[in-house]
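Biologist: I would like to learn how to read a protein model step by step. Could you take me through one?

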Amino acid sequence: MEISNWSAPFGCEPSSIPFTYLGIPDGENMNKKNAWRLIIEKFHSKLSTWKVKALSFGGRVTLANAVLGNLPTYFMSIFVIPNGVLDTLEKIRRKFIWCREYNKKSIYWVKWDKIIAPKKVGGIGLGSIKATNISLLAKWMWRLKADESSMWSKVIRSIHNLEGRHWCVFANRSNTGVWKNIIKTRNRYMQYNIDPKEIVSWNSIDRCWESDIVRDGRFMVCLLRERIELAGYIVNDGPFAWDKLTPFKILCFIWRAKLGRIPSAVELKNRGIIIPNTMCGVCNSEEETCEHILLTCPVAKEIMDSILVWCEIRCDRFLSVDNMLLFISRWSKCKYKRRLLNAILCGALWFIWMDRNKRIFEKIPIVSANTWKE
Ligand SMILES: [Zn+2]
């Protein structure tokens, strides 16, 4: 009653904790999974599986990346995501990329770490939610020093008694709140052999930032995120040329084909799918492996030979996708010509695969197409 009397003259309505201010929950304990239900629901709705059926593998990777890029960034830059929530969000992305129906079993063709790992080390570059979260939070540690004269910086210093202490590793234990949670993330950096003191290191003699994460006086979240991902997600498959001249969905397919992780009859059988006959359904002379479908089957050979003649290139037959990519990388001194040849030959493999995909379904009616169709 007293609250109502006080709030009435200001034209305000009394409310209770927790409440939402500027889209951010206030008074809610963000260490609890329940506080993140809104983000989890949004993730679910944006990455609904009906879209899976309309998109290629590359399209699904792009969409999963875009959702991470904009949806929870606001939350992620203020709160530490609890491990349980991180697992749930990653699970939604994983299911979106690999499962045609949410509650049904599906084949996870490539290890999740390889999907997350940066492109420069051979991954697909989807990016880790955990790395994004702690990189965004690290910016606050840096801003506490960079914005020394700002009000929020003075408030945090005063509450946590930071004068004379290293600002990025200390929080007053008796105070709860956002800053304490941000400081807690230092253990997460340690997992990746990164010292938080070093990433926001200030040289007081030369009056400049020593850290390679700060460029031209600006803290680069993307550089820290990449550093964490490079330390945490290791791929041993060698580099892969993600050239922008070739469509991303084709490159994603070639990336998988290079690893042998496409649904050929042999690979499906290796993963427990009942295949009555693993011989090639087109020529019936060899087992249907990834290399056979794309390069050594007579139909594929004929297409590739015609393209190479058209490009006026003489070379031995490619025996594997790796072999083809190596040839392209050494083919010409002119970078643009190499990029062009890459686009043509990768495009040809994509065409051969799309054509084969239809034939596989005709050949193996016993397997539900929805189980493994790409
Ligand atoms: Zn064949």
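This is a predicted model: local features need pLDDT of at least 70, side-chain atom pairs count only at pLDDT 80 or more; totals for chains, interfaces and linings use all residues.

Biologist: How many helices and strands does the chain have?

Modeller: Helices (H or I, at least four residues) and strands (E, at least two) are DSSP runs, numbered from the N terminus. In this chain there are 19 helices and 6 strands.

Biologist: What share of the residues count as buried?

Modeller: A residue is buried if 20 or more other C-beta atoms lie within 10 Å of its own, exposed if 12 or fewer, and partly exposed in between, with the C-beta atoms placed from the backbone. By that rule, 31% of the 374 residues of the chain count as buried.

Biologist: Which residues of helix α17 are buried, and why do they line one face?

Modeller: The general idea is that an α-helix has 3.6 residues a turn, so residues three or four places apart point the same way. Helix α17 covers residues 321–331, and its buried residues are Val321, Met324, Leu325 and Ile328. Seen down the axis of α17, these buried residues fall within an arc of 95° (the arc of the directions from the helix axis to the C-beta atoms), so they line one face of the helix.

Biologist: How many residues of α13 are buried?

Modeller: Helix α13 is mostly covered, since 9 of its 11 residues are buried; among them are Phe253, Ile254 and Trp255. After α13 comes Gly260, with a positive phi near 75°.

Biologist: At what angle do α13 and α17 pack?

Modeller: Axes are lines fitted to C-alpha atoms, for helices over the stretch in contact, and angles run from 0 to 180 degrees between N-to-C directions. Helix α13 (residues 248–258) packs with α17 at an angle of about 120°, and their axes are 8 Å apart. The two helices, α13 and α17, are therefore oblique to each other, where angles under 35 degrees count as roughly parallel, over 145 as roughly antiparallel, 65 to 115 as roughly perpendicular and the rest as oblique. Two residues are in contact if their C-beta atoms, placed from the backbone, lie within 7 Å; here Ile254, Ala257 and Lys258 of α13 meet Val321, Asp322 and Leu325 of α17.

Biologist: What is the span of helix α16?

Modeller: The expected span of a helix is 1.5 Å times one less than its number of residues. For the 13 residues of α16 (residues 298–310) this gives 18 Å, which agrees with the 18 Å between its end C-alpha atoms. Within α16 lies Ile303, which is partly exposed, with 18 other C-beta atoms within 10 Å. Leaving aside neighbours within four places in sequence, Ile303 is in contact with Ala348 and Ile352. Ile303 and Ala348 are 45 residues apart along the chain, yet their C-alpha atoms are separated by 7.6 Å.

Biologist: Where is Arg207 found, and is Arg207 buried or exposed?

Modeller: Arg207 is found in the loop between β3 (202–203) and β4 (208–209), and with 7 C-beta neighbours inside 10 Å it counts as exposed. Although Arg207 is not a glycine, it has a positive phi of about 50°.

Methods: Residues are numbered from 1 along each chain as its sequence is written.
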